[in-house]
Every structure is written in structure tokens, then in C-alpha cells.
Amino acid sequence: MESVCSGILILFLSGCCALFLSGRKKGISLAIGFGLAQFFLLPQSFYVLLSGKVLESSLQFSEPIGCVSLRLDALSALFLIIIAVGSLLTSVYSIGYLRNYKGSENNISTYYFFLGFLAASMASVVIVQNAVFFLFVWELMSLSSFFLVSFDHQRDETRKTAVYYLVAMQVSAAFLFLAFGLVSSITNSFDFSSFGEVFQNNSSHGVIAGVLFFLGFGVKAGFFPMHTWLPRAHPTAPSGVSALMSGVMIKTGIYGILRVISLGGMQSKVFAYGIITIGLLTALYGIANASVQKDFKRILAFSSIENIGIIGIALGVGLLGLTYNNSIVTLLGFAGVLLHTFNHFTFKSLLFYSVGIVYQETHTRNIEYCGGLVKQLPRTAILSFLGFVAISGMPPLSGFVGEFLIYLGIIKSISIENFALSITAVVALIGMTLTGAIALLTFTKTFGIVFLGSPRVQSEQRISEEHHRLELLVTLVLAVPIVVLGIVPFFFIPLLTQMIVIVHPALDEVALQYFNYSVKYISIAAIIFMVIVLGAVLLRRVLLLKKSVRSFKTWDCGYQGGSSRLQYSGSSFIQLFQTLLSPVVPQKKIVVQEESIFPSSMRFESHTYDFFERHLLQPIMQLINTLLDKFSWIQSGKLQQYILYGLLFLISVLIWIWCSL
Amino acid sequence: MIPILLQYLCALIVPLFFLGLTNRVKAVWAGRKGAPLVQPYYDIFRLLRKGEVVSTHTSFIFQIAPAISVAAGVTSFLFLPFASGESIFSFDGDIFFLLYVFGIARFMLILSALDTGSSFEGMGASREATFALFVEVGFVLLMGTLVLATGEYSLARILTAFRAHGEITSIVRILFVVALFLMVLAEGSRVPVDDPNTHLELTMIHEVMILDNAGPGLAFYQYAIALKMFFFAFLIAHLCIPFSLSSVVGILLFVLVIGCVFVGVGIVESVIARARLSHVPQFLFLIAALSSIAFALLAISLRGGIL
């Protein structure tokens with residue numbers, strides 16, 4: 001356990017090193033420091049995962065906080081691995097990303113410092129078992145990510161987005177303060193291990209605490225009503241930070257929910273049905289909004305919301321299994337949560353990294369200005385192709401394995417005896433399939449419009465991958481688990497089972513056997529499919545060996561007009577879907593046209609907006625703002641008024657003491 | 001009994017013949033004599049012998065997409081139960097594997113269409129991706145209902161168990177058969193979803209996405225469509241015939257039902273026109289609607305009443 005603590009300390013100190021060095025040495029020192037920290041963090045994590053033992057230690061503080069216990073069990077170990085590896089990859093990626101940064105060097109120093117801070121605080125979140133200390137490192141995590149999001153703070157928009165993000169994180173912290181406060185006051189202790197008694201016997205305190213915990217961790221994770229910060233913050237941050245936030249940081253919310261479940265919380269039918277409903281809404285809302293975006297980082301941000309929704313559905317399925325005492329469904333549900341968490345980390349980070357390379361070369365985040373990049377950025381294209389296929393959940397890559405486990409858990413709940421459960425399961429099934437189908441739409445659009453076809457805008461500079469070898473290396477590292485976990489997932493099953501035991505201690509042999517068998521068969525099926533695909537590809541090659549294969553332009557009915565703008569654009573691709581689903585993804589059109597006999601200039605703009613944010617959240621915020629504006633006279637800025645407040649306070653305290661004597 | 005691998009190979013060869021049957025029905029209905037029943041085989045072999053024209057805009061996606069389509073069709077047949085009631089390969093939840101294998105074939109087809117940079121193909125890709133929503137939801141709802149009906153979780157066992165259940169009412173069986181027939185029309189890109197005869201803008205969904213393919217690539221795509229249609233017709237035949245298939249009579253009846261499905265496709269194509277684009281989602285939604293009615297009826301009948 002001491003080595004884990006030293007690892008975290010090294011993560012923090014590497015960030016500090018960046019303050020004192022100059023130029024390229026900043027990034028390199030951070031990357032070396034993070035790499036060194038891996039040797040302290042990873043071996044212990046794998047040891048815990050494989051052996052099922054628990055590492056414990058404690059820190060002694062003075063009385064209000066007391067003894068803070070630190071604990072690395074299998075659940076923390078998975079998240080620690082994700083955090084450690086994700087931070088290392090982002091630090092290496094940032095070296096490449098910031099190479100051409102032409103702003104001030106102070107910005108770069110702050111960036112690296114807070115990257116170290118963020119990595120250290122995230123790693124601490126998953127091992128701390130004391131409420132006060134947990135909230136302390138949680139707030140540190142939010143603050144350091146705030147500074148990272150505001151990297152480009154010279155721009156107005158970045159500042160506004162960063163403040164929005166900070167406020168959302170404070171809302172999360174507020175709920176967590178309430179939740180921990182409630183639980184600690186009942187158990188008179190800050191240690192997690194004593195929280196179990198609050199959740200026993202379905203007491204009302206347990207239910208309220210469960211709801212508050214879910215809201216607090218849910219804001220961080222990005223579940224449906226509380227997701228509005230995600231599509232603002234993730235595109236604004238630099239690509240490496242977006243990858244870290246999307247792939248790693250929102251998972252700490254999932255860690256929190258799983259930790260509460262492992263302590264006994266949220267284990268009732270109401271919670272199970274509630275979480276599965278919220279998960280479904282989140283997934284559908286996220287992917288529907290992702291499909292209509294034009295900014296590829298916003299597409300990825302909304303897709304993170306969708307994947308968190310899928311993790312929520314899996315959580316709900318696991319909880320349903322727990323409350324209905326079906327151990328196979330429980331195992332499949334929680335296995336789906338953990339596997340999908342890890343998978344999403346791999347492919348979302350990969351996509352943000354490759355999209356960062358595209359942004360650096362094309363200097364635009366708008367997909368409508370890209371096109372044909374597969375010829376100019378071939379390796380980026382192949383890696384993003386793997387990422388997009390995986391995130392759509394297609395076999396034989398790893399995304400399918402996670403989703404398959406969730407699907408299997410859902411249909412295993414369909415049974416004749418329990419009607420409510422079957423209906424919920426069928427609705428969940430429809431929801432997940434719909435999500436998968438809209439995801440297919442979204443990611444074919446994104447990959448197709450950005451990389452395929454011909455360039456929609458002629459750019460003067462040459463676009464090439466030569467200067468991005470480091471970023472490509474990092475992206476390649478992430479492609480490995482995607483492919484390996486897709487084809488041979490059964491190597492990782494022993495790791496998963498230990499983690500599930502933390503959450504659901506009463507796991508039985510039958511369920512484990514069934515789980516092993518399912519994963520083994522999926523692997524065989526994926527391998528058979530790959531073999532048949534390779535066979536078909538070879539067949540086509542063999543057939544074409546002695547035949548003529550001519551290169552010519554695309555068939556264009558004789559005459560295309562010579563413009564690459566005639567290709568289908570992203571908005572055209574999505575238009576049919578958008579008209580079908582217009583209540584959920586409303587579109588605002590601005591048409592400016594002069595009235596004249598002959599065609600004259602015309603202007604057309606269309607924007608899709610988040611209907612929940614515009615029609616529900618913003619009116620509420622407006623209302624609160626108007627109410628609070630009435631009290632703005634309290635902060636007038638006049639020093640004399642503030643002295644008067646101090647005087648009034650002293651007088652009222654004196655009166656109070658005099659009256660109580 | 002004929003070994004299962006041989007039956008699998010027969011199943012791979014036969015779909016093109018049934019496609020020829022559909023074309024013959026359409027021709028006879030229109031008063032023509034029609035091409036020979038084995039014409040699709042001649043077409044495929046002719047295409048396999050030709051070379052290709054590859055567009056300069058395309059990339060590796062264009063090269064591998066036809067192979068993935070055909071591989072998806074061939075893989076899906078591994079899960080179908082043949083005469084002895086067993087399939088070559090089956091496991092719990094393989095219905096989702098099948099759904100996603102068809103999904104990746106569709107994914108690659110859409111990308112291959114966008115790869116060419118042609119606006120025709122982009123249009124087809126956009127429509128295909130949108131209509132896939134309804135088809136997939138319908139398919140999953142159908143499978144969910146079958147899981148409820150039989151209590152089994154793998155395609156082969158579901159189909160054999162469904163045959164063994166005597167108390168499933170005929171109405172539910174009819175609903176399943178109609179829903180699956182609509183799926184044959186949808187997945188096979190037939191009228192009223194798409195018109196396989198033309199490549200024009202108004203009717204194009206599937207035919208236009210393969211506009212730039214030629215030679216072996218085109219042959220693969222045509223074969224893949226035939227395989228998909230045969231897959232769903234196979235499911236219809238399993239759900240229609242209420243008794244076991246081990247005897248020769250059983251197999252003949254089976255082939256007869258599949259033939260009827262393809263003849264039915266031909267008749268539908270001759271009688272009605274392709275639906276207006278905005279009506280196609282409504283048509284596809286019928287699949288999900290029929291499956292949900294079947295689900296409700298089954299749930300009520302299996303539980304012996306509401307609640």
C-alpha cells in the first residue's frame with residue numbers, strides 16, 4: 001500500500017517539476033514522472049485484482065478528521081489502472097499536442113502542473129475510505145480539471161464554459177456533502193466501513209442517502225438531467241484533457257456509485273428500476289443529440305453521455321438481479337458495467353486522440369469542412385476506424401463484448417413469472433437496440449464525413465501525419481486492448497470476477513460457470529467471423545489477380561460539375577433522422593433571402609440545440625437569476641456598506657449573548 | 001442422416017435459386033416468359049469472372065466492405081437449426097451476435113458508400129442508416145417475444161422449442177410470420193422499402209450504395225442480399241411448420257414454405273409500388289408493432305390472464 005501512496009505522490013511531484021523546467025523539458029519530465037509512477041501503481045493493482053486480497057493502510061490526522069483509512073480492493077484496482085494508464089497516455093500525447101503551441105509558456109506550465117494534480121487526485125479518490133478526505137480529494141479533482149478546461153482562457157467562450165463546468169462540479173459536491181453528512185451523522189463516524197448500517201432494512205435514511213449519492217455521483221458521471229456540462233466542457237478542453245476527462249474522470253462517478261452499492265446502498269427494487277430508467281433516458285438522449293452535431297468533439301462528448309447511459313442500464317440490470325435474487329443476471333449486469341467502463345476508456349480516449357490530430361492538421365472542429373482525410377492521414381484514419389467500430393459495439397472488437405453481456409443480462413430477466421420485470425427488460429432491450437442503431441448512424445456519419453470521400457474545402461497547407469508520430473504512438477497503444485479484448489476476452493475474466501465479488505459478495509459457482517461459458521463462446525464466434533471475413537477478402541484478391549482493375553473517378557451520371565461540395569454533407573446525412581425525431585433534437589433554421597425576380601444572394605443557417613437545456617434548464621436558471629437579482633443590492637461594492645454589515649453583525653451577536661445570559 | 005456440414009453448404013448454395021424464383025414470378029405476372037430459374041447463378045459467375053473499376057476517391061473501406069457483407073451472411077447461417085434441430089454453432093445470446101454481425105455489414109456498406117464521395121451513394125447511405133433503426137428494433141422485439149415464448153436464449157433452441165410448444169395460439173404464429181415476412185422485404189431491399197430494379201434517386205436505398213461496385217465486389221453484395229432474404233425465410237419456415245423436420249416429408253414441406261415466401265415477395269413486388277419515403281418508417285414500424293402485439297398476447301396467454 002505504501003508503494004501506491006508513493007505512486008500518487010510521484011504523480012503530483014511530476015506536475016510540480018513541470019513548473020521549474022523550461023521548454024520541452026516540461027512535458028518530458030511529466031511523462032517520465034508518470035511513467036515512473038506506473039511502476040508503483042500498476043503491480044499492486046494487478047496483484048489485488050488477481051489474488052482478491054485487499055491492501056490497507058491508514059493516515060493519522062488530528063482530531064476532527066482522525067484516522068483516514070486507505071484501501072485498495074479489486075474495485076479500486078480496476079479504476080486505479082484506468083487512471084494511471086490514462087494519465088500516462090495523456091501526458092505523452094500532450095508533449096506532441098503542445099509542440100506547436102504558440103501561446104505563453106505560463107499556460108503550458110499550468111497545464112502540466114494541473115495534469116499532475118488531476119492524476120494524483122483521481123488516484124486518491126479511488127483509495128480513500130474516509131468521508132471528509134474523500135470530499136477533499138473530490139474537490140481537488142474538480143478544481144484541477146477546471147484549470148485544465150480553461151487552458152485557452154484568453155477566449156471568452158472558454159472562460160464561460162469553464163465557469164459553467166465549475167458550477168456543475170460544485171452541484172455534485174453539494175449533493176455529496178449532503179449525502180456524506182447524513183450518513184456520518186447517523187453512524188457517528190467518517191469511515192466508509194461503518195456506513196453499511198445506514199442501508200440496512202431499507203430504512204428511509206438509507207433511501208434518501210442513496211438518492212443523494214446517486215445525484216452527486218451522477219452529475220460527475222453525466223447522467224441525464226445533469227449532463228449539460230459535458231458537451232460544453234469536453235470540446236473546449238485540449239484533446240489530451242478531453243480524453244482524460246471523458247475516458248477516466250467521469251468514471252470516478254461510476255466508481256462512487258459502485259462503492260455505495262458495495263456498502264449495501266441502493267439495493268432495492270425502486271432503485272433498480274429507477275437507475276435503469278435514467279440509464280435508458282441518458283443513453284437515448286445522448287446518442288440522439290450526438291447524431292445531429294457538426295463539431296466532432298461535441299459528437300464524442302454526447303457519445304460519452306450515451307455510454308454512461310449504457311453503463312447505467314447495466315447497473316440497473318445488476319441491481320435488478322440483486323433484488324430479485326437472480327445471480328446470473330447480477331453477474332452479467334455488473335460484469336457489463338466494469339467491462340464497458342474499461343472499454344469506453346479505451347475507445348473514447350483513442351477517438352479523442354485521433355480527432356485531436358485531425359484538428360491540429362485541419363484547424364477546424366467542423367466536420368463539414370473535412371473530407372478525404374483517409375488519403376492524407378492514413379494511420380489516423382485506420383486507428384479512428386477501429387475506435388468508431390468499437391464504440392458502435394460491433395464485433396469482433398471489444399465494444400461488442402461489453403454490450404453483449406448487458407444484452408444477455410437483460411434477456412435473462414425476461415421470464416413468465418414476473419411481469420413487471422419482463423416488461424422492463426423488453427423496454428431496456430428496445431432502448432439499447434435503438435441506442436446501438438442511432439450510434440451506427442452517428443459514427444458512420446462522423447467517420448464517413450471526416451475521413452472518406454473527397455475534401456470539401458481546399459486547404460492551402462499540406463495535411464500530413466509526419467509531425468504527429470508521438471500522438472499516433474499513444475493512439476496505437478490504445479488500439480491494442482480494443483482488438484485483443486474483442487477477440488480473446490476470456491483471458492480477462494479472472495480479473496473481472498474479483499471485482500464483482502466486491503459488489504456482490506454472494507456470487508455462486510453456477511453463475512460463474514455460465515459467465516465463463518458465455519464469454520468463451522463469444523470469443524469463438526468472433527474468431528470464426530474474422531476467419532470468414534479474411535477468407536472472403538482473399539477470395540476477392542485471388543479472383544482479381546489476372547483481371548483488369550482500373551482506377552477511374554466515381555460514377556457521376558456523366559457530369560458532376562467538378563465540385564466536391566456536391567457530396568453528401570453531415571447535415572444532409574442526418575436530415576432524414578432529424579425530421580423523424582424533431583421533438584427530441586429540435587433544429588432552428590435561419591433563412592435570409594432578398595425578395596427579387598431573379599435569384600439573388602441568400603443565407604441559410606441551421607443549428608440543433610439541446611432541447612432539455614433550452615426549454616427546461618434555462619428557464620429555471622432564468623427564474624433563479626431574476627429572483628436573486630432582487631438581492632443584488634446587498635453587494636454594492638461600497639466599503640462603507642460592508643463596514644455597516646460588520647457593525648450590525650457585532651451588535652446582533654452582543655444582543656444574543658446578553659439575552660441568553 | 002445427412003451430416004450437418006453438408007446441409008449448411010446446401011443452404012449456402014440454394015438462396016440464389018429462390019431469387020430466380022422471385023424474378024420468374026414477377027416476369028410471369030407481367031406477362032413475360034422470364035429468365036431461367038438459375039439465372040442468378042449465371043449472373044454471379046459472370047460477375048466473378050470480370051475485373052473491377054475502383055474509384056480514385058476510395059480507400060481500404062471500399063475494398064473490404066463486400067467481403068464483410070458476404071461474411072456476415074455466411075456466419076449467420078452457422079446459427080440456423082437444420083434437420084436434426086441442431087445448428088453448427090449456438091450459444092446463449094447468439095441472437096445479439098447475429099444482430100450485430102448484420103450491423104457491421106450495414107456499417108461497412110454505409111461507409112463504403114460514403115467512401116466514393118458520390119452524392120447518390122451518400123443519399124442511399126443516409127436512408128439506409130435511418131431505416132436500420134426501425135428494422136433493428138423490430139427484430140429485437142421479435143426475438144424478445146420468442147425468448148418469452150420458449151424460455152430459451154439461443155436461436156437454434158428457440159426455433160426448435162417453439163415447434164414443440166402446442167399451446168401457442170395460431171394468432172401469435174401468424175403475427176410472427178407476417179412480421180418476419182416484412183423483415184424479408186425490409187432486409188432484402190424489396191418493394192415497398194426499396195426497388196431492386198432501379199438505381200434512380202427516388203427509389204434508392206440499397207441499390208445505389210453499390211453503384212460503384214463491379215465484378216467480384218458486386219457479386220458478393222448480390223449474394224449477401226440473397227443470403228439475408230433466405231435467412232429470414234428460413235425463420236418463417238421454422239415458425240410455420242408445427243412439427244419436426246427429421247423426415248423427408250418434413251424437409252420437402254420446409255423447402256415448399258421457403259419457396260412460398262419467395263413467391264410471395266415476387267407477388268408483393270408485382271402488385272404494389274414502392275412506398276413514399278416518409279411512409280417507409282411507418283411500414284417498418286409495423287414489424288415492431290406486430291411483435292409487441294404478439295408479446296402482449298403471449299404474456300397474457302402464458303400467465304393465464306392479465307396480471
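## Chain B at a glance

Of the 307 residues in chain B, 65% count as buried. Keep in mind as you read that this is a predicted model. Chain B has 12 helices and 1 strand. Starting at the N terminus, its elements follow the order α-α-α-β-α-α-α-α-α-α-α-α-α. Chain B has a radius of gyration of 19 Å, close to the 19 Å that the globule rule gives for 307 residues, so it is as compact as a globular protein of that length.

How big a box do the C-alpha atoms of chain B fill? Along the principal axes, the box is roughly 60 × 45 × 40 Å. Now look at the contacts in chain B with a separation of 6 or more: 79% of them are between residues 24 or more positions apart.

The accessible surface of chain B comes to about 10,500 Å². Carbon and sulfur atoms account for 70% of that surface.

You will find B:Thr130 in helix α6 of chain B, which covers residues 119-150. Is B:Thr130 buried or exposed? With a relative accessible area of 0%, B:Thr130 is buried, because buried means under 20%. Which residues does B:Thr130 touch, leaving aside its neighbours within four places in sequence? They are A:Leu441, A:Leu576, A:Phe577 and A:Leu580.

## Aromatic rings

Over all chains, the count comes to 62 aromatic pairs. One of them joins A:Phe214 and A:Phe223, a tilted pair with 5.2 Å from centre to centre and 35° between the planes. Both A:Phe214 and A:Phe223 are buried. Another pair, B:Phe234 with B:Phe254, is edge-to-face, with 4.8 Å from centre to centre and 75° between the planes. B:Phe234 sits in helix α10 (residues 215-240) of chain B and B:Phe254 in helix α11 (residues 248-271) of chain B, so this pair ties together parts that are 20 residues apart in sequence. B:Phe234 is buried at 5% relative accessibility, and B:Phe254 is buried too, at 7%.

Rings can also gather in a cluster. One aromatic cluster includes A:Phe400, A:Phe404, A:Tyr407, A:Tyr514, A:Tyr517 and A:Tyr521 from chain A, along with B:Phe79, B:Phe89, B:Phe91, B:Phe96, B:Phe97 and B:Tyr100 from chain B.

B:Gly264 has a relative accessible area of 18% and counts as buried, because the cut-off is under 20%. Along the chain, B:Gly264 and B:Phe181 are 83 residues apart, while their C-alpha atoms are separated by 8.9 Å.

Over in chain A, where does A:Ile367 lie? Its place is in the loop between α12 (327-362) and α13 (373-376). A:Ile367 is buried, with a relative accessible area of 0%. A:Ile367 and A:Phe447 are 80 residues apart in sequence, and their C-alpha atoms are 9.4 Å apart in space. Leaving aside neighbours within four places in sequence, A:Ile367 is in contact with A:Gln293, A:Lys294, A:Phe296, A:Lys445, A:Ile449, A:Val450 and A:Gly570.

Terms used: Residues numbered from 1 in each chain as written. Chains lettered and ligands numbered in written order. Predicted model: local features only at pLDDT ≥ 70, side-chain atom pairs only at ≥ 80, totals over all residues. Heavy atoms only, no water. Helix = DSSP H or I, 4+ residues; strand = E, 2+ residues; numbered from the N terminus. Buried < 20%, exposed > 50% of the residue type's maximum accessible area, 1.4 Å probe, protein only. Contact = heavy atoms within 4.5 Å. Rg over C-alpha atoms; globule rule 2.2 N^0.38 Å. Areas by Shrake-Rupley, 256 points an atom, 1.4 Å probe, with all protein chains shown as cover. Phe/Tyr/Trp six-rings, centres within 6.5 Å; stacked < 30°, edge-to-face > 60°.
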